[in-house]
Amino acid sequence: MKRLFSNLNLNKKLALIAIFLGLISLFGSSPYDSSLVTVDIKELSMESVKNSDLIVSAELADKIIKGEIDYRLIDLQDEKSFSDYHIPGAVNVKLPDLHSPEFLRNEKIILCSDDDLKSAQAWFILKARGYKAVYILKGGLKAWKDEILFPEINSEKIKTSEGKKLVEISKYFGGIPQTGETQNKQNKLKQMPKLQTPANTIPVNIPKKKKKEGC
Amino acid sequence: MIAPFYKFGLFNDEISLIVAFLIGIGFGFFLERAGFGSARILAAQFYFYNMRVLKVMFSAIITAMIGVYYLSWAGILDLSLVYLSDTYLIPQLTGGLLLGFGFIIGGYCPGTSVVSFATGRTDAITFILGVTFGIFVFGEVFPLIEEFYYSTPMGALTLPEYFNLSYGLFVFLVVMMAVGAFVLAEHVEKKLAAKKGDN
């Protein structure tokens with residue numbers, strides 16, 4: 001057999017190898033079914049211990065106000081909650097759709113949800129799929145609501161520059177700061193701001209990366 | 001390390017240009033070494049005197065196909081991240097036919113004309129000028145043909161998907177097709193050479 005093979009010329013050898021590999025591939029599965037991934041458990045656990053994978057609401061608000069667009073904000077809520085309210089610039093993605101997401105591996109991704117568990121699951125899926133920079137909005141949309149839209153500011157704090165900044169940020173996103181006076185009257189009015197304002201005043205459209213492939 | 005490297009962020013846009021440059025040089029080098037810098041060899045394909053184009057291109061296709069299939073099978077390549085251009089059936093068939101006519105008349109396809117120009121052939125630079133002019137005309141009349149250009153859209157489609165075959169079976173069929181084509185090509189070449197000898 002071996003002798004027979006070595007007697008053939010190069011072309012025939014190559015043809016035989018190709019046929020052999022083609023025959024084996026008959027028993028292979030679809031190359032698109034690559035849902036199996038390897039995970040570096042040590043790296044993942046280190047990151048979750050260091051909390052380096054969290055981003056606080058204030059930091060995110062700051063980014064949005066400054067118009068920074070170096071990240072992708074992924075909202076994991078269901079459709080109804082998403083259409084009720086979402087952070088300006090957020091894109092609604094369902095957890096199962098993260099199986100084959102359309103964003104690049106080197107993009108900065110911030111996950112937010114009304115459910116911390118969902119964010120954590122999404123974080124793990126993306127990390128396992130090799131995404132480098134995946135962050136979770138700390139406390140999720142509840143924290144966003146409490147800290148950015150309706151921050152509680154007592155009468156002393158409101159005089160400080162820090163307090164004033166909080167009021168401004170809250171108003172920017174269409175929220176109502178819970179100061180001493182408003183707290184009693186408006187407690188029932190903690191309605192989520194309408195999406196039209198101020199969402200359209202912020203440059204939130206992430207420019208699509210140009211397709212570089214093709215001939 | 002998992003491919004495609006660019007999509008996994010192994011290098012950025014700038015480095016990707018350097019990588020593209022190096023791969024381009026390699027591509028051009030092998031096209032030239034295969035003899036594709038000569039319009040005579042390229043045009044002979046269409047008259048079946050010289051089947052080199054078929055042999056080289058088909059070898060390249062099955063090598064790449066087997067490589068991609070086994071790499072993604074081994075988990076080294078994430079094929080879902082490899083860009084597939086969309087299919088627009090009728091416009092692409094028309095475009096292919098037009099390109100074929102240009103290929104026979106001019107003796108080059110766009111890539112090989114550049115390779116041939118690199119070796120100093122003047123017919124190649126004429127061809128390149130023609131290609132450039134054609135691109136310009138296409139750009140100018142695009143609004144008129146835009147509707148046709150985007151007609152019969154089929155999305156990013158692959159043949160195994162369309163025919164509902166397994167990818168493995170398809171790999172095998174293409175390999176067998178290639179081997180069959182090689183055998184046939186050699187046969188035709190010998191026959192035509194003998195005929196030529198007779199005359």
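Across the interface of chain B and chain A, the rule finds zero salt bridges, a salt bridge being a side-chain nitrogen of Lys or Arg within 4 Å of a carboxyl oxygen of Asp or Glu. Polar contacts between chain B and chain A amount to four residue pairs, both residues at pLDDT 80 or more. A polar contact here is a pair of N or O atoms within 3.5 Å; within protein, one must be able to donate a hydrogen and the other to accept it, and residues adjacent in sequence count only if both atoms are side-chain atoms.

Before I continue, a word on the basis of these values. This is a predicted model, in which local features need pLDDT of at least 70 and side-chain atom pairs count only at pLDDT 80 or more, while totals for chains, interfaces and linings use all residues. Residues are numbered from 1 along each chain as its sequence is written, chains are lettered from A and ligands numbered from 1 in the order in which they are written, and side-chain values use heavy atoms, with hydrogens and water left out.

How much area is buried between chain B and chain A? The figure is about 2,500 Å², with carbon and sulfur atoms giving 65% of it. Buried area is the accessible area (1.4 Å probe) that two parts lose on being put together, summed over both. The contact, meaning heavy atoms within 4.5 Å, takes 26 residues from chain B and 25 residues from chain A.

Let me turn to the side of chain B that touches chain A. Helix 8 (167-198) of chain B gives the largest share of that side, eight residues. Helix 3 (52-73) and helix 8 of chain B each supply at least two residues. Helices (H or I, at least four residues) and strands (E, at least two) are DSSP runs, numbered from the N terminus. By class, this side of chain B has 18 nonpolar, five polar and three charged residues. Ala, Val, Leu, Ile, Met, Phe, Trp, Tyr, Cys and Pro count as nonpolar, Asp, Glu, Lys and Arg as charged, and the others, Gly among them, as polar.

From chain A, consider Leu21(A), which is found in helix 2 (residues 10-25). Leaving aside neighbours within four places in sequence, Leu21(A) is in contact with Ile66(B) and Tyr70(B). Leu21(A) counts as partly exposed because its relative accessibility is 24%; buried means under 20% relative accessible area, exposed over 50%, and partly exposed in between (1.4 Å probe, protein chains only).

Also in chain A, His86(A) lies in the loop between helix 5 (79-84) and strand 3 (91-92). Is His86(A) buried or exposed? At 16% relative accessibility, His86(A) is buried. Its side chain reaches the backbone oxygen of Phe82(A) at 2.9 Å.

Next, chain B as a whole. Chain B contains eight helices and two strands, in the order α-α-α-β-α-α-α-β-α-α along the sequence. Of its 199 residues, 31% count as buried.

Finally, the backbone of chain B. Most residues other than glycine have a negative phi. Phe48(B), in the loop between helix 2 (39-46) and helix 3 of chain B, has a positive phi of about 65° and is partly exposed at 45% relative accessible area. Thr152(B), in the loop between helix 6 (122-149) and strand 2 (153-155) of chain B, also has a positive phi, near 40°, and is partly exposed at 36%.
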